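Welcome to this short tour, and please keep your viewer open. We will go from one selection to the next and look at what is there.

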Amino acid sequence: MATSRFVGYLESRKNITGSAAGLAGLVLTFTGVAGPYWPVVVVGLYGAGALIAPPERPPLPDFPDPSAQLDEVRGDFEMLDGYLANVELPPAAAGRLTELTEVLAALLDPGWAGELLAQDPEGVHVLSRAVRQDIPEAVDTFVRTRWWTRLAPGQEPPERHLERQLTLLHEEADRLAATLRETEARRQESHTRYLEDRSQ
């Protein structure tokens, strides 16, 4: 530990700047400017150089880029798909869920959509939240509430809430898909303008 700290100091900006200033002090000594006080001059210049050196900057955290995050979400989506296959849902909710998962599968496809999403951290967050939190929670809450409703009938059917939740999630996924589509359209228009400007 102490050795690594010592080696770290040797490689630090403070030591390098101080050493350069100390060398300047040695040059002054050999030219006769420092006189008999040369050790004080060399040490003083080294200390001054170490003090004025810019501080060390710790390295930035190595967070995964959106592409790596998308790969993780794809893996989680496969796990979610396996979970959903074992859940019995009413036909209307099952249909809404199928529509939603089809949109998510298209968005998570490694093709062009994945390339666009890799440049959109907010889009990756929306997908991650839907896959890891919103859909599992909606389905699990429905399953638990349905059990209690059987014990105390007469309450509002829990499938209505599930259908509404899945509809809202589907709308959110559709908005994300529309945003990606608009990005591609703007890119195409921009390229058209570039070619038109170049041909003039």
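**Stop one: around Arg129**

Select Asp134 and Arg129: the two form a salt bridge, with their closest N and O atoms 3.8 Å apart. A salt bridge here is a side-chain nitrogen of Lys or Arg within 4 Å of a carboxyl oxygen of Asp or Glu. Before going further, note that this is a predicted model, in which local features need pLDDT of at least 70 and side-chain atom pairs count only at pLDDT 80 or more, while totals for chains, interfaces and linings use all residues. Residues are numbered from 1 along each chain as its sequence is written, and side-chain values use heavy atoms, with hydrogens and water left out.

Helices are DSSP runs of H or I with at least four residues, numbered from the N terminus.

Buried or exposed: how does Glu172 count? At 18% relative accessibility, Glu172 is buried, whereas Arg129 is partly exposed at 27%. The cut-offs are under 20% relative accessible area for buried, over 50% for exposed and in between for partly exposed (1.4 Å probe, protein chains only).

**Stop two: along H7**

Stay in helix H7 and pick Arg144 and Asp140, four residues apart, about one turn of the helix. Their side chains meet in a salt bridge at 3.0 Å, N to O. Arg144 is partly exposed at 47% relative accessibility, and Asp140 is partly exposed too, at 32%. Next, select Glu72, Asp76 and Arg132, which salt bridges with shared partners join into one network. The structure holds seven salt bridges.

**Stop three: helix H5**

Move to H5 and colour Ala93, Leu97, Leu100, Thr101, Val103, Leu104 and Leu107, which are buried. Looking down the axis of H5, you will find its buried residues within an arc of 155°, so they line one face of the helix; the arc is that of the directions from the helix axis to the C-beta atoms. On the other side of H5, Pro91 and Glu102 are exposed.

Finish by zooming in on Thr101, buried with a relative accessible area of 14%. The Thr101 side chain reaches the backbone oxygen of Thr98 at 3.0 Å. Leaving out residues up to four places away in sequence, Thr101 touches Phe77 and Leu84, where contact means heavy atoms within 4.5 Å.

Conventions: Helix = DSSP H or I, 4+ residues; strand = E, 2+ residues; numbered from the N terminus. Polar contact = N/O pair within 3.5 Å; in protein donor to acceptor, adjacent residues only side chain to side chain.
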